[in-house]
Amino acid sequence: MLKLDLDQNLVQRARAAAGRITGGFQWLFDGYSSYTIERTVLRLMGIDGAQEGGRPLPNVIIDHLSSQKAMRKGAAVWVANAMLARNFSAQEVAEAVASGELDLTALPMAPADKIYTCLNDLAAKMLDHIKAQAQKRSTMFDRYGARRTPAIYVIVATGNIYEDVTQAKAAAHSGADIIAVIRSTAQSLLDYVPYGATTVGFGGTYATQENFRIMRKALDEVSEELGRYISLTNYASGLCMPEIAAMGAMERLDLMLNDAMYGILFRDINPKRTLLDQYFARMINAYAGIEIQTGEDNYLTTSDAIEKAYTVTASQLLNESFALLSGVKPAKMGLGHAYEINPEIENSFSYELAHAMLTRELFPEAPVKYMPPTKFASGNIFKTHLMDAMFNFVGQLTGQGVQLLGMMTEAIHTPHLVDRSLAIENAQYIFTAVKDLAENLELRPDSFINRRANSVLQEATEFLERVADEGLFQAMALGEFAEIRRPENGGKGLDGVFERDQDYYNPFMDRIKEELGL
């Protein structure tokens, strides 16, 4: 059986260091909240819609409370108090605030027990709905069969949700298992979630609850036609990370891109804001049975894949540790990595095999997400197609969980339907041809692949231990991740982080923690 001979002492040291790093943020998770978390709570209470100019009602309420310097109790308390005072639904409260008819802070406060009862009833109702969606997913997998490994994952990115549906159905008919709707460029930097179905986007389609609903319905229809469940993924990241996670939970998305540090490093979002938001977003994902997908592949877009391979492993271990704090089980951790080694380097394939095996063996239960060669793709579509075939070979040989297919024309234009079909055909051919090959191979203990994997693991371990000593925020400020400097109090969104009062209340976080055993 193809297997590495990893130094288990290094494995234990690396995980212990990652745990020290992530465990050092309990002060942040227990003592602070963010405007996004509060908007998420409002959405989970049943508030939706937007003003005529497009400003979402959850944002309207947070703006109102912020202007009154009343955020520290949490938005839920003020809305529940108004519900009791006016005999309104949460939606009616939001509409009254938006119209200027209601000042939430001007109402006398009801007894705390009545406010908590109101909120706990709302939390139970929404969480029952999310639980039912998770059960429906399980029922459909029972009916149609488990997802194949590696699962074939393809993207749609037209900007128009209705055109995305057409392309998604075509991809499913060609053999795709997972459809990823790529989010419109820079949506991660919007501090609100657009409302309704959208037909215009830039480099992708806006993530909205209505767009989620439209695509989920379409994929359920094609699942019925094909007799296999087609999974849906989108992005729970950026300044609206937990909000989008909540919408995905409500509409039964199956996977969500949700990295603990991606927004900090690659979108310059404030570190405190990002870590707070991922903590709650991942709780929602865990409760909904949604598989998270992390973004370690992005490190290799800015760093050399051989020289900085250890940063990928280190980030995977941190993402794992942060996810465990939020209740995500290993079987739902789609930890990321990528085939981004320069193909002109001698033995590049052996390097990549070592890296892929290291990821697979460090996280044996995880449906790890494997990304295709893109940095060295070019106008030579035949070479790119061949690189994608080698990527598919490694994916099947090492048992990756999710194979995000490369497209031979992606360095030239947004791939057409036929390009996607050829990519799926490439993967299916390779997966079939080498299906059981790993059972017939083994590595010498002193082989280059074993030595390389242990070398990367040692570098990752020493790096994590250094970060544990100096602190994650300090390491980011020094540019030790992806060679990008991100100071603790810099970046976008810090003004949306606030310290909680002693009587702060988030009924959804408390209930989810209790049910997940956190």
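**Close-up 1. Gly-46 comes after helix H3 and has a positive phi, near 110°.** This is a predicted model, so keep its ground rules in mind: local features need pLDDT of at least 70, side-chain atom pairs count only at pLDDT 80 or more, and totals for chains, interfaces and linings use all residues. Residues are numbered from 1 along each chain as its sequence is written, and side-chain values use heavy atoms, with hydrogens and water left out. Helices (H or I, at least four residues) and strands (E, at least two) are DSSP runs, numbered from the N terminus.

**Close-up 2. Helix H3 (residues 35–44) is largely enclosed by the rest of the structure, because ten of its ten residues are buried.** Here, buried means under 20% relative accessible area, exposed means over 50%, and partly exposed is in between (1.4 Å probe, protein chains only). Among the buried residues of H3 you'll find Tyr-35, Glu-38, Arg-39, Arg-43 and Leu-44.

**Close-up 3. Strand E2 (residues 151–156) pairs with strand E10 (residues 402–404) and is joined to strand E3 (residues 178–181).** Two strands pair if DSSP finds at least two bridges between them. E2 and E10 share three bridges in the parallel sense, and Ala-151 has Val-402 as its bridge partner in E10. E2 and E3 also run parallel, with four bridges joining them; look for Val-154, whose bridge partner in E3 is Ile-179. E2 is mostly covered, with five of its six residues buried.

**Close-up 4. Asn-270 sits in the loop between helix H11 (262–267) and helix H12.** Asn-270 is buried, with a relative accessible area of 0%. What is Asn-270 in contact with, leaving aside its neighbours within four places in sequence? Its partners (contact means heavy atoms within 4.5 Å) are Ile-264, Glu-488, Asn-489, Gly-490, Gly-491, Lys-492, Gly-493 and Leu-494.

**Close-up 5. Helix H12 (residues 271–288) packs with helix H20 (residues 507–516) at an angle of about 55°, their axes 10 Å apart.** That makes H12 oblique to H20. Axes are lines fitted to C-alpha atoms, for helices over the stretch in contact, and angles run from 0 to 180 degrees between N-to-C directions. Under 35 degrees counts as roughly parallel, over 145 as roughly antiparallel, 65 to 115 as roughly perpendicular, and the rest as oblique. On the H12 side, Tyr-279, Phe-280, Met-283, Ile-284, Ala-286 and Tyr-287 meet Phe-508, Met-509, Ile-512, Lys-513, Glu-515 and Leu-516 in H20.
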